[in-house]
Amino acid sequence: MHVTTLSQLYAQAKGFMPENVVELPSSGSNRRYFRLSLADGGESLIGVLGTSLDENRAFIYMARHFAEKGLPVPSIVAVSDDEMEYLQTDLGDALLFKEIEKGRLTRSFSVHEKELLLKTIRLLPDIQFVGAEGMDFSMSYPAVEFDRRSIMWDLNYFKYCFLKATGIDFLEDKLEDDFQRLADVLMETKSDTFMYRDFQSRNVMIRDGQPWLIDFQGGRKGPFYYDVASFIWQAKANLPDGLKEELLDEYLISLQKYYPIEKEQFLKTLRHFVLFRTMQVLGAYGFRGYFEKKPHFMQSVPYALANLRSLLHTPYTEYPYLNDLLVRLVNLKQFSDLMGKKPLTVKVMSFAYKKGIPADPSGNGGGFVFDCRAINNPGKYERYKPFTGLDSRVIEFLEDDGEVIDFLKSCYSLVDASVQRYIERGFTNLMVSFGCTGGQHRSVYCAQHMAEHIASKFNVKVDLLHREQDLEQLFKPKE
């Protein structure tokens, strides 16, 4: 029903119904996104199904307001009568987070990656100051401004969703005293600027080499320091100190036209916001990881803890109990272990028994080995000998009687349970092998389907190797 509404909105805007409606990967929110287009190309639009009327209204209002100010945001094309569905311009698929992937993984950022980051940070003062001009902040969701209440919400989010979940002992009254002191410091920086709230590389699209801003509906009136902390200290951006310094300098240059400030004073205030934002992020990771049981959020914890550990090199003497508690936190054994862990990689192989069962290069002993030789063999027939289990003729032969499908269902059940437990326990390698007589038909079919199944069901890296065919395929996890 809702998707039908999006198609009708597209028809109202374009004069004809869309021929393709493709759901896009979901983000951290409950909103669903679709790309609507014609079969032969033409302008595509992004359809959004929201679950919160107030959140939808905030985004629609802000997008229109920012567009009127000439800021690079998606345009609102059409809105349903109940405001639960709307269409916006399609900015493509190039997220800044993905565009800097190589740098994030290696901590060695190319000239191109640095330039994209610099362009984005230069844009930030524009949306903070120009975007705030004439804005009706009463349209903000879920809060109108950054105030003491919202500060305490986030600090308690950290306390209850992360700190307590670690099992660390602490005195709640002493921690509360330092929380109040931190709130006092943050409240000294009140301003009438627009605070993006979640300004980070996942919320920036790159189009024609330029940054475009998305997902700003959580913005509100608030201090500009917060967004700088969010962007430069984004946990998984993994920026080296030198690049952080470069981005800070670039931001300050752009800030001067709106709010002249000395760098020393700026940095003195900023470090409190970086501490606050880091704790808020850990609270979010704790909630998603510990309580919602989403392991990939826990994989981000080491990056946030690395930020926190670096911050604590210069003690926060203003908050003595909080500072000591955070030092204890980053040195907990469970996090020391986590810092050394890598995400799970599942290696899937097809092989010929006559050439031996594959060795396990991870040193874990080999994992699952499934024998496909009981399945009806296409290799007995001359017409199938030139082909492999990847070819349609062989696939049709194997699937005709359903034998291979039932076999794989049993394999999926066993492997799925292990993958889930490996993720939960922080294991890094699992091997799944399929063998047949020649390593050409049955084992290739089964290994290919198993790799695709794991990659679609779990957010893990899958390395597929058809040993006897010398074919390899890599399925990367979603960020």
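This is a short talk on the fold of one protein, given from a predicted model.

I will start with the whole chain. The protein has 479 residues, and 51% of them count as buried. Its C-alpha trace spans about 80 × 60 × 40 Å along the principal axes. The secondary structure comes to 17 helices and 14 strands. Now look at contacts between residues with a separation of 6 or more: 70% of those join residues 24 or more positions apart.

Next, a sheet. In what order do the strands of the open five-stranded sheet lie? The order is S11-S12-S10-S13-S14, and the pairing is mixed. Strands S11, residues 368-371, and S14, residues 471-475, stand at the edges. Each has a single partner strand, so one side of each is left without a neighbour in the sheet. On average, neighbouring strands here are turned by 15° against each other, if direction is ignored.

S11 runs parallel to S12, residues 429-436, and four bridges join the two. If you want a place to look, find Val369, which stands opposite Ser433 in S12.

A helix lies across this sheet. Helix H17, residues 442-457, lies across S10, S12, S13 and S14.

Strand S4, residues 76-79, pairs with strand S5, residues 85-89, in the antiparallel sense, over three bridges. Ile76 stands opposite Gln88 in S5. Five residues lie between S4 and S5, and Glu83 in that turn has a positive phi of about 60°.

Which way do H6 and H13 cross, left-handed or right-handed? First, the geometry. Helix H6 covers residues 148-166 and helix H13 covers residues 320-330; their axes come within 11 Å and cross at roughly 50°. That angle makes H6 oblique to H13. As for the hand, the crossing is left-handed. On the H6 side, the contact is made by Phe158, Phe162, Leu163 and Thr166. On the H13 side, Leu325, Leu326 and Leu329 take part. Sorted by class, that contact has six nonpolar residues, one polar and no charged ones.

Last, two loop residues. The loop between helix H8, 225-232, and helix H9, 241-255, contains Gln234. Is Gln234 buried or exposed? Its relative accessible area is 11%, so Gln234 is buried. Setting aside neighbours within four places in sequence, Gln234 is in contact with Phe97, Gln200, Ser201, Arg202, Ala229 and Asn307.

The other residue is Ile261, in the loop between H9 and helix H10, which is 263-291. Why does Ile261 count as buried? Because its relative accessibility is 15%, and the cut-off for buried is under 20%. Not counting residues up to four places away in sequence, Ile261 touches Tyr225, Leu252, Leu255, Gln256 and Phe266. For a sense of scale, the C-alpha atoms of Ile261 and Ser37 are separated by 47 Å, and the two residues are 224 residues apart along the chain.

Notes: Residues numbered from 1 in each chain as written. Predicted model: local features only at pLDDT ≥ 70, side-chain atom pairs only at ≥ 80, totals over all residues. Heavy atoms only, no water. Pairing = 2+ DSSP bridges. Axes fitted to C-alpha atoms, helices over the stretch in contact; angles between N-to-C directions. Contact = heavy atoms within 4.5 Å. Parallel < 35°, antiparallel > 145°, perpendicular 65-115°, else oblique. Left-handed = near helix turned anticlockwise from the far one by under 90°. Nonpolar A, V, L, I, M, F, W, Y, C, P; charged D, E, K, R; others polar. Buried < 20%, exposed > 50% of the residue type's maximum accessible area, 1.4 Å probe, protein only.
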